[in-house]
Every structure is written in structure tokens, then in C-alpha cells.
Amino acid sequence: MEMTADLSEMLQIKDKEFVERIYSSDLQKYEDRVLALDFVNADYILDAGCGFGQWSMALAKYNKKIEAIELLPERVAFCQKLFMQNAAENISIQQGTIEKLPYQDSIFDAIWCYSVLYMTNWKTSLRELLRVLKIGGKLYVCTNDVGWYYHMIINEPNKTLDYNPRENAIKAFINEWRYNEAGENFIGERIMRSRDVQHELENYNVQILSLCGEGRSVLNDSYADRIIPFFCETYYDEIGVYEFVCSKKC
């Protein structure tokens, strides 16, 4: 896996430290997760909110074509150079929002959405993701419940000069109130309780294949012993980072 110095220099401090952690070794831990979730042998997969491209790269190794979409232009530019330097010719990327996807209905065989839905109007985004997913296709989402924000306030993980996790978590609690009680539409992080997600999925004709802590879903038992969670399932007796996989029935 190649990440050159010019790529690293494109980033702010918080992002630079995160990217250096991701690409300090090969992508095997991401590939193992893709394999365990059986996201393989598909013609067309969407990486919704691709960030810095690690999941796109892992998915591209086992599938025919990956479409990536990312809101922030600096991350799109980073990924474009990353994919080119690593000859990832089966990945295409564009700037855009998952709240209004620029794709036709029912065109993706599978959709991957890791740690981004909580940064959007997630009910709108969930509807959009299911809209562009084919019948029988799988949707994977990883997101945060309230325990993660307790952890951020108390322990301040990954704090840098330009990122204050405690402040970010406090804002998330405020945003959650604004989102649910005041009906305000805004850009910012909010808390996605797993119980609310389950309730929302009842509005759609989907089958929930897995709902558990991050990195603990297994749809292919051959890789069950190879996956390593990146986060705790609970923090302070509350659900922390979790994931769900569902299949679109019709």
C-alpha cells in the first residue's frame, strides 16, 4: 500500500494523523472485514462517504467496480491521487452528499457506509441509500450511539491541536436535541441510537441480517476469526460504536 509524502502534506493535523494510522500498514484488516461481511464478487458497489479511501481500496480488491462519493472536496482530491498512485482503476469518485445521491434507483449491488451517516440527516440518507440499492442487495452501516460520546467527553480519544473530542461530543448532544425536538435542518454530528435506527428500518421492506457492535458482524464464517473490532461495543454501560447489515427485499 503506497501513500507518498505529497499526499500526507495535503491534510490538516487531525486528518494527517488519522490517515497515517490507516496507511501505516497494509489494508488487510479492512479487507478481512469486507470478506467477513461477504461484500465480494459484486459488479457495482457504492462506498457512501468514502473519507480517505481505505474501504474503497479494500472493496475494490474483491469486486468489479466501486463508486465512491465524498462531501469534502479536499478528501476527494486526496482519494483521486491515492487511487491513481495505487493503480486502483476500478474505483471512481465524485463529490456529493449521501442525503441526495446523484444515482438512479436500484443500481448498486451493495452499499458500504462507514462512520458517516451520523454527520447527515440520517433518516433522509438512509432512505437515499435504500433507493439506489438493488432488490436483494446488502447495505452495511457503521455509526455511533450515546456510549461513544460519553467516551469522547471523559477520555478525549485522538485529541489533536485542531480537534477537541470533548467539545465535539457536547455539540453532538445539543445537535441531537435540535434534530429530534426542534426539527432544525443543519450540518453537524448527532447521536444515532440503535433503537431509533431499528424503528426507522421498520418503515422499509428490509431484512436485518446483523445488528451488533462495530466489527462483530459475520456473514461468512470462514473469516470470523480474522476480523478485529476497532472500537468497544459499549462504553460506560451504553452502546458505543455499532453496525448493521440489511438486505433490501423490494
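## Close-up views of helix packing and aromatic pairs

**View 1. Helix α6 meets helix α9.** Trp-122, Lys-123 and Leu-126 in α6 touch Asp-196, Val-197, Glu-200 and Leu-201 in α9, where contact means heavy atoms within 4.5 Å. Sorted by class, the contact of α6 with α9 has 4 nonpolar, no polar and 3 charged residues; Ala, Val, Leu, Ile, Met, Phe, Trp, Tyr, Cys and Pro count as nonpolar, Asp, Glu, Lys and Arg as charged, and the others, Gly among them, as polar. This is a predicted model, in which local features need pLDDT of at least 70, side-chain atom pairs count only at pLDDT 80 or more, and totals for chains, interfaces and linings use all residues. Residues are numbered from 1 along each chain as its sequence is written, and side-chain values use heavy atoms, leaving out hydrogens and water.

**View 2. How do the axes of α6 and α9 cross?** The axes of helix α6 (residues 122–132) and helix α9 (residues 194–201) come within 11 Å and cross at roughly 45°. Axes are lines fitted to C-alpha atoms, for helices over the stretch in contact, with angles running from 0 to 180 degrees between N-to-C directions. Helices (H or I, at least four residues) and strands (E, at least two) are DSSP runs, numbered from the N terminus. The two helices are therefore oblique to each other: angles under 35 degrees count as roughly parallel, over 145 as roughly antiparallel, 65 to 115 as roughly perpendicular and the rest as oblique.

**View 3. Glu-128 in helix α6.** Here Glu-128 is buried, with a relative accessible area of 13%; buried means under 20% relative accessible area, exposed over 50%, and partly exposed in between (1.4 Å probe, protein chains only). Not counting residues up to four places away in sequence, Glu-128 touches Ile-98, Glu-99, Lys-100 and Leu-101.

**View 4. Tyr-30 and Trp-55 form an aromatic pair.** Rings of Phe, Tyr and Trp (its six-membered ring) pair if their centres lie within 6.5 Å; planes under 30 degrees apart count as stacked, over 60 as edge-to-face and the rest as tilted. This pair is edge-to-face, at 4.8 Å centre to centre and 90° between the planes. Tyr-30 lies in helix α3 (residues 28–36) and Trp-55 in helix α4 (residues 54–60), so the pair ties together parts that are 25 residues apart in sequence. Both Tyr-30 and Trp-55 are buried.

**View 5. An aromatic cluster.** Ring pairs join Tyr-30, Phe-39, Trp-55, Trp-112, Tyr-114, Tyr-140 and Phe-230 into a cluster.
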